[in-house]
Amino acid sequence: MGLFYHCRLYDLHTGNNLLLDGCSAQVSITDVHAAVTISQKFTCSSNHGNSAHQVSGVYTFSLMRDAAVCEFEMVRGDGTKVEGVVKEKEEAKREYDEALRQGYTASLGQQETGDVFSISVGSIAAEETVTINLKYVQPLIDDEKKNQVKFIFPRTYAQRYGSAPTVNSAFGRTVQQPFTMNASVQQAGSINAISCPSGHPISLEFDHQNSRNNSIANVLLQDRSGFLSNDVVLVITATGLDAPRCFIEQHPSPNHETTALALTFVPRFNVSDVQDGVEYIFLVDRSGSMHGQNIQLVREALVVLLRGLPTNGTTFNIFSFGSEATKLWDQSRAYDQSSLEEATLHVDSMQADYGGTEIASALRLVYDSLPKSLIRPVAVFLLTDGGAWDVSTCIECTQAARATLPSPKTFIRVFSVGIGDGASSDTCESISRAGGGMTVYVKQGEPLTGKCSRLVRAARTPEVRVNVDWGLGEKEEQIDESDDFEFVDNPTLELASPVNPPSATISLFDPDSDDMDVDPSINSILHPTGPPPKPKPTLPPPPRIQQSPLASQIPSIFPGSRTQIYAIVRTPKNNTVNSMTTEIKVRGVVTTTGALVELVVPVSKVLSSPTVDALGFPLLHTLAAKALIKDREEGKHAFPPSASALFDSPDLNTELKETYLEKDIIRLGTEYHLASRYTSFLAVD
């Protein structure tokens, strides 16, 4: 079960809340990315501090998993600004503690989990007011319709089931906070609509002075009470949001000889469904945290999903879980009118009465119920608020199932539906990424049909493996997708058991489509004074092109679901953006037919605007570095054979691999000023 609470700043010694005098958010949405600045003003009253006891405050809050925290500062009551610098996490904590011992005012910002962040501030004197300014950037997510994206600003953070990974992430208490938000929106095409399905009153004004086609707008969140208790959601509909495009950005600092590229598009293509149908497993969270609106959202989403299943070759089953797990039928049944009616009655009776949230155990039950060599492809739909801390076990068992269950012509995919306010994006997206699927979020007041249709469409689409040629003269793996993806014959490409390719050319972006060597014994020898020391390998220099997702690990693309690929490229000082590349190529193969796809996407500079220019950090570099860090945190790497041969072998040296990954994350975090699992912000006055 989950205890819902909101961002709070409290005294680490007493647990008492500090007074919140004001909270505001400035949001700049450009294309499919958002930059957010949060300013929160806290006051230590005389009841908390005195000359003998200064307050050390801890501020814990929620972010979307893909958010990249890239700047923060503390402003003292006298106007003194203390900017944070990024350091290795343990080093930052030692320096923070030492600063407090010496009586300095200091702040420490650190990632607690993939979607939980905390800032510690000490020492705050009695009656002192401290303002904390935090900046982060995040990619937007697709919403219900074409050319539509969604921005989520989390305001509700649900305490989760199980043992919290850190002390700060475990604290929770409902604290009301006054709040205002302003958002500027700029698009290349005209903005057709901006709505707020979360129910907050907003005002919308187009900037006709700086745009003639309604491409710039300002949104003000108007809440008379000034308090918020649920997530803020903005949905932007604009011309051309789904179209393929690639932006380029040269790093403004002379110390960085790099260029960042960001490719984004929503595939639109028609290919035949996987042969012989799909088995659909619905795994439904019915723990106590799903009570009220959440369980109602689950029932509504399940009805839409069930009625959207294909009629041919479909079998399905419904599992429910909490502290324990159950299933509707012993075996999946054929999809027909009788089984649909029985399942619908079962869904209508669902309540949040299963106790705790044992997601990993429920996933294991699903995987164990499947044949050890799958007869047909399997799609698992997990509907949950993500209210459990044990994300790593969920990832491990999902990866194991995908590695061992499929036969040569089958696969298993896991899709997540994040339910309600406070849904953990870390839990939902980590599981779906490990499962080769995707995540959608459903909140009260939002339409469901489009999101559910995308999920079912993705589940029955054959795998399309893709890769990107950035046009930089480097020989790379070539398999990818895109806009005018054309299928062509390529007799030089070797495919396993290819099927006859289609005779007609198929476009993957069709506007008319209905919808992409170490001795293993060493570790067993104890050091004379305890465990062996942690390995300290020398980190090899990064490759010229650092791409995320990795070239060999780009997930299968799905029609109607956005694909985003980033790259940081090492470039000589004399190279300009215009001389680097003018177009990139996305090439791929549909595994069931052996047909090839190709798309050419022109490269253009990032949209220029006063808000983008005033960010103070390179937007694309920050997003790309965050994506690279996320890959490393999931164990994915691009080390040269000289390094990877030491741990990517039958005698897997896990500790050595983790050390390499940790050092690479620290490199990326410190170089691009980002918080991560191993890097934190530190500010000392």
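## Basis of the model

Helices (H or I, at least four residues) and strands (E, at least two) are DSSP runs, numbered from the N terminus. The structure is a predicted model, in which local features need pLDDT of at least 70 and side-chain atom pairs count only at pLDDT 80 or more, while totals for chains, interfaces and linings use all residues. Residues are numbered from 1 along each chain as its sequence is written, and side-chain values use heavy atoms, with hydrogens and water left out.

## Overall composition

The secondary structure of the chain consists of 13 helices and 34 strands. Of the 685 residues, 57% are buried; here buried means under 20% relative accessible area, exposed over 50%, and partly exposed in between (1.4 Å probe, protein chains only). The accessible surface of the chain amounts to about 28,100 Å², and carbon and sulfur atoms account for 49% of that area. Accessible areas come from the Shrake-Rupley method with a 1.4 Å probe, and for residues only the protein chains shown count as cover.

## Helices

In helix α5 (residues 359-368), the buried residues are Ile359, Ala360, Ala362, Leu363, Val366 and Tyr367. Viewed down the axis of α5, these buried residues fall within an arc of 160°, so they line one face of the helix. The arc is that of the directions from the helix axis to the C-beta atoms.

Helix α3 (residues 293-307) and helix α8 (residues 449-459) have axes that come within 9 Å and cross at roughly 50°. Axes are lines fitted to C-alpha atoms, for helices over the stretch in contact, and angles run from 0 to 180 degrees between N-to-C directions. The two helices α3 and α8 are therefore oblique to each other, on a scale where angles under 35 degrees count as roughly parallel, over 145 as roughly antiparallel, 65 to 115 as roughly perpendicular and the rest as oblique.

## Salt bridges

Side chains of opposite charge can pair when their charged atoms come close. Arg65 lies in the loop between β5 (55-62) and β6 (68-75) and Asp426 in helix α7 (residues 425-434), so the pair ties together parts that are 361 residues apart in sequence. Both Arg65 and Asp426 are buried, and they belong to a salt-bridge network that also links Arg433, Asp631, Glu634 and Lys636.

Asp242 pairs with Arg268 in a salt bridge whose closest N and O atoms are 3.0 Å apart. Asp242 is in the loop between β19 (232-238) and β20 (245-250), and Arg268 in the loop between β21 (258-265) and β22 (279-285), so parts 26 residues apart in sequence are tied together. Asp242 and Arg268 are both buried.

## Backbone features

A cis peptide bond, with omega about -5°, joins Ser548 and Pro549. Pro549 is located in the loop between β30 (545-548) and β31 (563-570).

Asp276, in the loop between β21 and β22, has a phi near 65°, a positive value in a residue other than glycine. Asp276 counts as exposed because its relative accessibility is 65%. His673 has a phi near 60°, also positive in a residue other than glycine, and is found in the loop between α13 (654-672) and β34 (679-684). With a relative accessible area of 26%, His673 is partly exposed.

How values were computed: A salt bridge is a side-chain nitrogen of Lys or Arg within 4 Å of a carboxyl oxygen of Asp or Glu.
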